[in-house]
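Q: I have a structure open and would like to learn how to read it feature by feature. Could you walk me through it?

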Amino acid sequence: MAVVDREGLVVSANDAFGALLGVGAGELAGQSAADLVDLTSDARTRHAYREVLRGRQARLRCTRRLKHPDGRSLWVRITAAPLPPETTGESPGVLMSLADISARRELQARLRHLQMHDPVTRLPNRTLFFERLSAALETEAYERTGTGHTGRIGLCYLDLDGFKAVNDTLGHRFGDRLLAAVAERLTRCADEAGYGRASAPLVARLGGDEFALLVEDSTGTEQLAGLAESVLTALQAPFAISGRRLSVSASIGVVERHAAGTSATALMQAADTTLYWAKADGKARWTLFDPERNAHRMTRQALVSSLRAAVERGEFTLEYQPLVGMEDGRLRGVEALVRWRHPQFGVLTPNRFIGLAEEDGSIVPLGRWILATACRQARRWQLQHPDEPPIFVSVNVAVRQVWDSDLVADVASVLAETGLAPQLLQLELTESAVMGSAGRPLQALRALSDMGVHIAIDDFGTGYSNLAYLSRLPVSVLKLDGSFVRGFQYEEREGRKGRAEQGSTTEQGATADQGAAADRPNPADEVIVEAMVQLAHRLGLSVTAECVETSDQASRLRRIGCDTGQGWLYSRPVSPDRISELLDGRAC
């Protein structure tokens, strides 16, 4: 302890006070206490100390790192408080005490290191990584100027490919040793990347087999790409662990951008998304963040999150594309095609959302709605045109509808409710779905066929084409994939329109430009189609040709023996009212 007068000078001090400062207690008298214990290094502490000296503040407590004359550093906790006032009412000064807290600080530092570092790899852990990342994204950090300060930030987010199999087959202890070896190579890559720069990238283990390399004041995507490439190269050499040689690879998501306007959450989301792309693109590679690709992903996520609610809100509508008899050109049936009138993205065709609906299961309630709406409309046309032969309606069915719902019961209920005859309902499944049917799906198809419902194979000729299996399925219609029809010779090449959108709500519908490369005439296609038509007829099946766009195609298909056609030559998908008009005239 030491007594300090109101001017801040030491009046007296005990031996312990002098020992902490490395001088004799008697030598301290008359010296500035603030200078001895570094209370003037920052304005806030200096002001508070002055207020204590003047008696306006009850106490000052702070921590300082002092340099001992023998060269060692020590941490002290400083407390300064006014002495009791004398008879004059004024305080004679301040009592200042010092406490050596070096051991406590050292323990705290060791505990913090343990808290902030991974015990397996000894790398900074997730907590320290985000602490450094947040600090790098603070305004003061990226607004620095001078050599080496770019105001940018880069991140390589790395995941080992197939690491779970290592743990499962060789054990977690072996897996930990592999992680430690990987960490050593990553650290060497970071050290080499930091050579000649202000600092090396921070290497951290974020958890499991995930690592990150954080580059502050990055110079652009080339720097991050070079770092990612060096990491992949470093991991190529086999690892020798516990007498085994093991090769591993990694996928890396790379993000590099201006620090201003970027948050830690946004940067990590971008890195995580890009890492997923690297995995999806084949693994053992690095992939750079692509804003356009990410926007597509965000749109996809927005559609997924609103699918189920969209069914309840009634955002879906149906359009119908005519199925026309090839011999007489008369309307025989229609295919129901669903449209999503999305409040944000406008009218969406099936290829934009049906696959998503199958993934999350919302295809089941959506499929029920399509089935009920189409059957109700078909019955309405029948009642509106009692003197005309009724047309059938064709509805697409996803495999998941067969597995996740009682499709047979749903169809029976809808037919009973709408009064539509089973023979006027056709259900379409893709070739790959039907040919792979076994167990429950096959039983459902047979039950529907026994009920009188027609089963059609959509996109026939593009999947398994197991003809022996086909003969045992309860199928009544084959729909030839449009790729065969597009391969026919064209009479009119100028002004040719693109491929018509066909009925399968599960297909990735092509546009006019997408099919251009495949539209080169191929004489073999006509031979193949003729053979498939003859085979289908021998099996008692009727054949529908998709994507009929020109009269030349129609003539050739008619000559080959196709029963019905569908495509823009006859009509695009239209509203129910337009189908009513076609029924009045009957021919398309």
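Q: Happy to start with a cysteine: is cysteine 189 buried or exposed?
A: Cysteine 189 has 6% relative accessibility, so it counts as buried. Buried means under 20% relative accessible area, exposed means over 50%, and partly exposed lies in between (1.4 Å probe, protein chains only). Cysteine 547, at 0% relative accessibility, also counts as buried.

Q: Before we go on, what kind of model is this, and how is it numbered?
A: This is a predicted model: local features need pLDDT of at least 70, side-chain atom pairs count only at pLDDT 80 or more, and totals for chains, interfaces and linings use all residues. Residues are numbered from 1 along each chain as its sequence is written, and side-chain values use heavy atoms, with hydrogens and water left out.

Q: How many disulfides does a search of the whole structure find?
A: A disulfide is a covalent bond between the sulfur atoms of two cysteines. The cut-off here is a pair of cysteine sulfur atoms within 2.5 Å. Searching the whole structure gives 0 disulfides.

Q: Which residues make the contact between helix 8 and helix 9, and how do the axes of these helices cross?
A: Two packed helices are described by the angle between their axes and the distance between the axes. Axes are lines fitted to C-alpha atoms, for helices over the stretch in contact, and angles run from 0 to 180 degrees between N-to-C directions. Helices (H or I, at least four residues) and strands (E, at least two) are DSSP runs, numbered from the N terminus. For helix 8 (residues 172-193) and helix 9 (residues 221-236), the axes come within 10 Å and cross at roughly 140 degrees. The two helices are therefore oblique to each other; angles under 35 degrees count as roughly parallel, over 145 as roughly antiparallel, 65 to 115 as roughly perpendicular and the rest as oblique. Helix 8 contributes Val182, Arg185, Leu186, Cys189 and Ala193, while helix 9 contributes Leu227, Ser230, Val231, Ala234 and Leu235. Contact means heavy atoms within 4.5 Å.

Q: What classes of residue make up that contact?
A: The contact of helix 8 with helix 9 has 8 nonpolar, 1 polar and 1 charged residues. In this scheme Ala, Val, Leu, Ile, Met, Phe, Trp, Tyr, Cys and Pro count as nonpolar, Asp, Glu, Lys and Arg as charged, and the others, Gly among them, as polar.

Q: Which residues of helix 3 are buried, and what covers them?
A: An α-helix has 3.6 residues a turn, so residues three or four places apart point the same way. In helix 3 (residues 43-53), the buried residues are Thr45, Ala48, Tyr49, Glu51, Val52 and Leu53. Their cover includes strand 1 (2-4), helix 2 (33-36), strand 3 (60-67), strand 4 (73-82) and strand 5 (94-100).

Q: What should I look for in phi?
A: Most residues other than glycine have a negative phi, and most peptide bonds are trans. Just after helix 3, glycine 55 takes a positive phi of about 80 degrees. Aspartate 217 is not a glycine, yet its phi is positive, near 55 degrees; this residue is in the loop between strand 8 (210-216) and helix 9. At 16% relative accessibility, aspartate 217 counts as buried. Alanine 284, also not a glycine, has a positive phi of about 50 degrees, and its 47% relative accessibility makes it partly exposed.

Q: Which residues does aspartate 118 contact?
A: Leaving aside neighbours within four places in sequence, aspartate 118 is in contact with Leu123, Pro124, Asn125 and Arg205.
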